[in-house]
Amino acid sequence: MKHVDIYLENAGKSVKKKEGWYGYVLAYQGTQLYTREGFQKTEDTKNERDVRMLLEALSRCKPCEAVIHTESQYLQGTFGRLAHYRENGWMKSDGTEIKYKELWQQVSDAAVGKEITFRMGTHEFSGWLQREIQHKEENTDV
């Protein structure tokens, strides 16, 4: 099974819906290192943007062993409970629906055929992704 590293970076830190950017890098080591990146501007909360970013990155991968590099404990924690949420009709233990249910359902579908683990903290692409996002923010027409 192929190994893909997925490096995530979210420029937004607000718990309120705000316009902001995210960026990610997909890295696969074949006979050489292959990388693909993606950037997107959205109007979301930080957590919602994190889920959108994860969904977009996973959707670009074929079945593989994927390591998600992120600082988002929200992504790691919620992803770890996806099987439980799916079995319980996307409800939390208190009987309320999980936030961003539709996005998490799509993430669950995109994860099929992939062995996913999380590596928490900054990563080798953190600085580059932050600089690229800043460049995009500064050069976007108002």
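Leaving out neighbours within four places in sequence, Glu48 is in contact with Lys17, Tyr100 and Leu103, where contact means heavy atoms within 4.5 Å. Glu48 sits in helix 1 and is buried, its relative accessible area being 8%. Here buried means under 20% relative accessible area, exposed means over 50%, and partly exposed is what falls in between, with a 1.4 Å probe and protein chains only.

Before we go on, a word on the model and its numbering. This is a predicted model, in which local features need pLDDT of at least 70 and side-chain atom pairs count only at pLDDT 80 or more, while totals for chains, interfaces and linings use all residues. Residues are numbered from 1 along each chain as its sequence is written, and side-chain values use heavy atoms, with hydrogens and water left out.

Now step back to the whole chain. The protein has five helices and five strands, arranged along the sequence as β-β-β-α-β-α-α-α-β-α. These elements are DSSP runs numbered from the N terminus: helices are H or I with at least four residues, and strands are E with at least two. The C-alpha trace spans about 45 × 40 × 25 Å along its principal axes. For 142 residues, a compact globule would have a radius of gyration near 14 Å, and the 15 Å of this protein agrees with that; the radius is taken over C-alpha atoms, and the globule rule is 2.2 Å times the number of residues to the power 0.38. Of the 142 residues, 43% count as buried. Among contacts between residues at least 6 apart in sequence, 69% join residues at least 24 apart.

What holds the middle of the picture? Let us turn to the nonpolar cores, each a set of buried Ala, Val, Leu, Ile, Met, Phe, Trp, Tyr and Cys residues joined through side-chain atoms within 4.5 Å. The largest core has 30 residues, of which Ile6, Leu8, Leu54, Phe79, Trp104 and Val107 touch the most other members. Elements that each supply at least two residues of this core include strand 1 (3-10), strand 4 (65-70), helix 2 (73-80) and helix 4 (101-110). Helix 1 gives the most, with six residues. Leu54 shows how the pieces meet: not counting residues up to four places away in sequence, Leu54 touches Leu8, Ile68, Leu75, Phe79, Trp104 and Val107. There is also a second, separate core of eight residues, among them Trp21, Phe39, Phe125 and Ile133.

Two of those residues lead us to Lys136, which touches Trp21 and Phe39, again not counting residues up to four places away in sequence. Lys136 lies in helix 5 (residues 126-138) and is partly exposed, with a relative accessible area of 26%.

Back in helix 2 we find Thr78, which counts as buried at 6% relative accessibility. Beyond its neighbours within four places in sequence, Thr78 is in contact with Tyr85 and Trp104.

Finally, have a look at the backbone. Most residues other than glycine have a negative phi. Trp90 has a positive phi, near 65°, and Tyr100 has a positive phi of about 60°. Trp90 lies in the loop between helix 3 and helix 4, and Tyr100 lies in the loop between helix 3 and helix 4 too. Trp90 is buried, with a relative accessible area of 9%, while Tyr100 brings us back to Glu48, with which Tyr100 is in contact.
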